[in-house]
Amino acid sequence: MDGSGVKVAVVDSGIDTTHGEFSGKTITGYNYENNSTTVTDGNGHGTHVAGTIFANKDGVGMHGVAYGVTQIYSYDIFDDSGNFNGTYGATISSYTNKAISAGVKVINNSWATAKVGNVVKTITSYSKSQWETIQGSTAINAFKNLGNNNIINVWAAGNSAQSQVSMEAGMPHYWSETADHWIAVVAVDQNGKETSYTNRCGVAAAWCISAPGGQTTAVDGIYATKDGGGYERLRGTSMAAPQVTGAIAILIETFPTLSAAQIVDRILNTATTSGLTGWFGEGYSEAIHGQGMLNLDGATKPIEILSLSVGGETIKSSKRYSLSSTNLRLSKVFGQNR
C-alpha cells in the first residue's frame with residue numbers, strides 16, 4: 001500500500017511542482033499570495049513537507065511515506081517570507097471550501113498563526129470565547145466544517161518548547177466536535193527522545209501523537225525535497241506532521257470502508273510508547289508524547305481489541321480491553337504475536 005487513489009491537501013507555502021520527485025503527479029490548488037491557481041513555492045517549507053508525504057519512490061534521493069499519492073491539492077496561504085496571506089477568516093474559509101469540493105481526504109497543516117514574535121500562543125493561552133474573538137467565527141466554523149465532511153486534519157504542534165500545542169492543533173480542547181478528525185503531532189528525535197524545541201501534547205493528549213522531527217538539522221533532520229531541486233534536512237514539528245499525513249493516506253487506501261473517525265482512532269490506538277523519553281529524561285507521558293509514537297506497521301494490521309459492554313449501546317461507548325490483558329490467545333492472523 002502506498003496511498004494510491006487518496007486525495008491529499010498541503011496547506012503551506014506552496015509546492016515546487018517542477019521537482020523530479022513529483023513527476024507524474026497532478027498538483028493543483030490555489031495561491032493566496034497572488035490570488036491565482038499557479039502553484040509555486042518561493043519559501044521551501046511546503047516543498048519539503050510535500051516530499052515527506054508523497055515524493056516518488058524512484059531510487060533517487062528519498063521517497064515519501066505515501067509515495068503512491070498522485071492527486072495533490074496545494075493551498076498556498078503563506079508568502080515567500082512565511083507570512084500569512086490575506087485575512088485569516090476569509091482565507092481559512094476559502095481553502096477549506098476548496099478542499100471539500102475537491103474531495104480531499106486528509107489535510108497536512110504544518111503551521112500555526114497565533115504568535116507573539118516567534119513564540120506560538122498555545123490553545124490554553126486564551127479561553128474559548130477569547131479565541132472566538134481573536135480568530136473569528138468564520139475560521140472556526142470553517143475548521144469544524146472539515147470534520148463535518150469527514151476530512152482528517154493533521155497539525156504540527158508547534159516549535160516553542162511549550163507545555164501545550166498551538167491553537168489550531170488544540171481545537172478539540174474547546175470545540176469537541178472536531179476531535180474525531182483531528183491529530184496533533186509532536187516531534188521526537190531518531191532515538192525516541194523528545195526534541196528540545198517541540199511543544200508538548202498537554203491538553204491535546206487524547207488526539208496527539210509523536211513522530212520523528214529531527215533534533216539537529218545536520219545530524220538527524222528530516223531529509224526531503226528542496227525548493228528548486230535537490231534535497232535538504234530540516235527539523236521541526238512541521239517535519240513530523242507530514243509523516244502522519246502520509247500514514248493516514250496509506251490507511252485510507254488500505255481500509256476504504258472505514259470512516260475518517262475510525263482511521264484517526266486506528267492511528268492513535270496503535271501508537272507505541274516503547275522507548276519514548278522526555279527532553280529531561282522523563283519516561284513516556286501522555287502530556288509529553290500523547291498516545292505514543294506513530295506505528296504505521298501496527299496500524300495496517302488487525303487491532304487486537306476485545307470490547308466488553310458495560311452498559312453502552314455501541315462499541316465506541318463500551319469499555320475496551322486489549323487481548324494482552326486477558327487470557328485469550330488468538331493466532332497471528334489476528335495480529336497477536338504469541
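Guide: Contact here means heavy atoms within 4.5 Å. Helices (H or I, at least four residues) and strands (E, at least two) are DSSP runs, numbered from the N terminus. Axes are lines fitted to C-alpha atoms, for helices over the stretch in contact, and angles run from 0 to 180 degrees between N-to-C directions. The model is predicted: local features need pLDDT of at least 70, side-chain atom pairs count only at pLDDT 80 or more, and totals for chains, interfaces and linings use all residues. Residues are numbered from 1 along each chain as its sequence is written, and side-chain values use heavy atoms, with hydrogens and water left out.

Helix α6 (residues 237-254) lies across β1, β4, β7 (152-156), β8 (182-188) and β9, and runs at about 130 degrees to β8. These strands belong to an open sheet of 7 strands with parallel pairing, in the order β2-β3-β1-β4-β7-β8-β9; two strands pair if DSSP finds at least two bridges between them. At the edges stand β2 (26-31) and β9 (208-212), each of which pairs on one side only. On average, neighbouring strands of this sheet are turned by 25 degrees against each other, direction ignored.

Within the sheet, strand β1 (residues 7-12) runs parallel to strand β3 (residues 71-76), and 6 bridges join them. Opposite Q71 in β3 stands K7. Helix α1 (residues 45-54) also packs on the sheet, where it touches β1, β3 and β4 (106-109). The direction of α1 makes about 155 degrees with that of β1.
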